[in-house]
Amino acid sequence: MLSFGIEVLNQGLAYGVLAIAVTLTYKILDFPDLSVDGSFPLGSVIAAVVLLKWGNIPLALFLSFIGGLGAGLLTGFLHVKLKISNLLSGILVMTGLYSINLMIANNRSNLPIFNVKTMFTVGSWVENLPQDLQVWVIRFYPSIVLLLVIIVLKLVMDWFLETKLGFLLRITGDNPQLVIALGEDIGKTKILGLMLSNGIAAFSGAIAMQMFRFYDISLGSGIVVVGLASVVLGTSVLGFMKSWKITTLVVLGSILYRLSISVALALKLPPSNLKLITAIIFVLALVLNNKELRPKLLKGRDKHA
Amino acid sequence: MLRLSNIEKRFYVGTPHENQLYQDLNIHIKDGEFITVIGSNGSGKSTFFNIIAGTLQPDQGSILFKGHDIAHQPEHLRSRHIARVYQDPLKGTAPSLTILENLSMAYNKGKKFNLSRGVDQALIEHFKQELKALNLGLEEKLNNRVGTLSGGQRQALSLLMATLVQPELLLLDEHTAALDPKTSELIIDLTQRLVREKEITTVMVTHNLKQALDVGDRLIMFHKGQIVLDLSGEEKHKLSVMDLIAKFNALNLMNELNDSLILG
């Protein structure tokens, strides 16, 4: 039971980073960005290659983030400068990144990193601890690392969204006309937001890959839906916590999402049904979130009761 | 301050619907003027604003603003000096941000949008004073989201935001047309007060003939892309709503005659 809980928590937190990335585009910029499906595995593969070659963990995380920034820049460029629709820009970048990811991994579609140190490897200091404490530290170490990462990221995002530039990003999704009225180039603002979002998504990919100790090209397929499901779950199920920041809500949403998936699997549903379960959870969350539908559904239930 | 010369504008070029709106539009807006613009639908008054603001590019002609040709300047750069309030009260404010956050952003127009804090606490008192002058009690709702305000309140806020950093030219695009008569009157009073106090050169498009006569010191009437009436000072003062309606009818009659000549 405990290990079940730890696994849900860890995955929820690792994908919580992704949820924050997706929040930035979908919720704040109002830009349905599908390129995340490519930038998430891009972050994974960059981190895997760096770890295998140089074993440098900060460099692996940093370069993944930079790679994600590049992917976001590309999506923004296609949309803003070449006037391609937002959905299509994301799809094109996602498609192109598939090959890029293969190239980075030297045409391999998966890379195991079992024998290298990752951000979740406990240092040798743990050996100085008493025996019974050691067991617990080793057990909870990944969760503590993930918690630290997500708290720092959340605080940085909260701070950023309260700066003038952060406000400009929020206005871009809220009322694009106002950005122009404020004398700012809305195209630049969009590109900046996309870069940041994809950078964080790639960072999330680097973290998840280290957790699995394995890179696979398919890590990213449908990941945008996972991120979005977390966002929708967080804001709909926990939306009544009005004073909570959106960054907190979506990370909790990500944990909730992992929990529902794990419960479904624990109920002996075959793993091949995972994507279908995701879609169903998503639809449920959306319906719960819909102000028009909710009263009807609740009324319907009363009638049948 | 603003001079449009030899402006030409066609729509749907190369299609059977091609329509030449302006053939040779010339207009000079002088510093400190408050101009009201009237005209029926399709007469070219909205395009007039879109060309000044940079939403649309003219096919020919020059736009001199304070001596510089701005015909090819993008819209967002022009809006640092040319403020615009739209008919739709939703266009001038950000609904998910609070009144305080909206005002803070408007106050930052023309400055850098960097990583400094979005809301400067030192400015709150200044914003409260500005809001108090609107007489809507908004100074008590600084931390309310703008999306929760009524259309009239949002339009008053839009107007305040457009003029918070003194614009050199203010374009009012039928900014009272979507409001009920009482609110509309309130916004017009507010407009006149703001424009007078801050001495802003202003152009206001309106469908309300009485408003067009009561407000401002110069009146322009558009018809089929041409200026058919341009009166200021005493001449404008003497004009009545009946005169304007008569003018409208005369123009429409001319059209019908022209049409029947062509069709006949």
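I began with Asp158(A) and Lys154(A), whose side chains form a salt bridge at 2.6 Å, N to O. For a salt bridge I required a side-chain nitrogen of Lys or Arg within 4 Å of a carboxyl oxygen of Asp or Glu. The model is predicted, so I took local features at pLDDT of at least 70 and side-chain atom pairs at pLDDT 80 or more, with totals for chains, interfaces and linings using all residues. Residues count from 1 along each chain, chains are lettered from A and ligands numbered from 1 in the order written, and side-chain values use heavy atoms without hydrogens and water.

Both residues of this pair sit in helix α5 (131-161) of chain A, four residues apart, about one turn. Helices (H or I, at least four residues) and strands (E, at least two) are DSSP runs, numbered from the N terminus. I found Asp158(A) buried at 12% relative accessible area and Lys154(A) buried at 19%. Buried is under 20%, exposed over 50%, and partly exposed in between (1.4 Å probe, protein chains only).

Next I looked up Arg80(B) and Glu184(A), a salt bridge at 3.5 Å, N to O. Arg80(B) is partly exposed at 30%, and Glu184(A) is buried at 16%.

I then checked Lys9(B) and Asp59(B), which meet at 4.0 Å, N to O. Lys9(B) is in strand β1 and Asp59(B) in the α1-β4 loop, so the pair ties together parts 50 residues apart in sequence. Lys9(B) is buried at 8%; Asp59(B) is partly exposed at 35%.

Last, I noted a salt-bridge network linking Lys30(B), Glu33(B), Arg218(B) and Asp230(B). My search over all chains gave 15 salt bridges.
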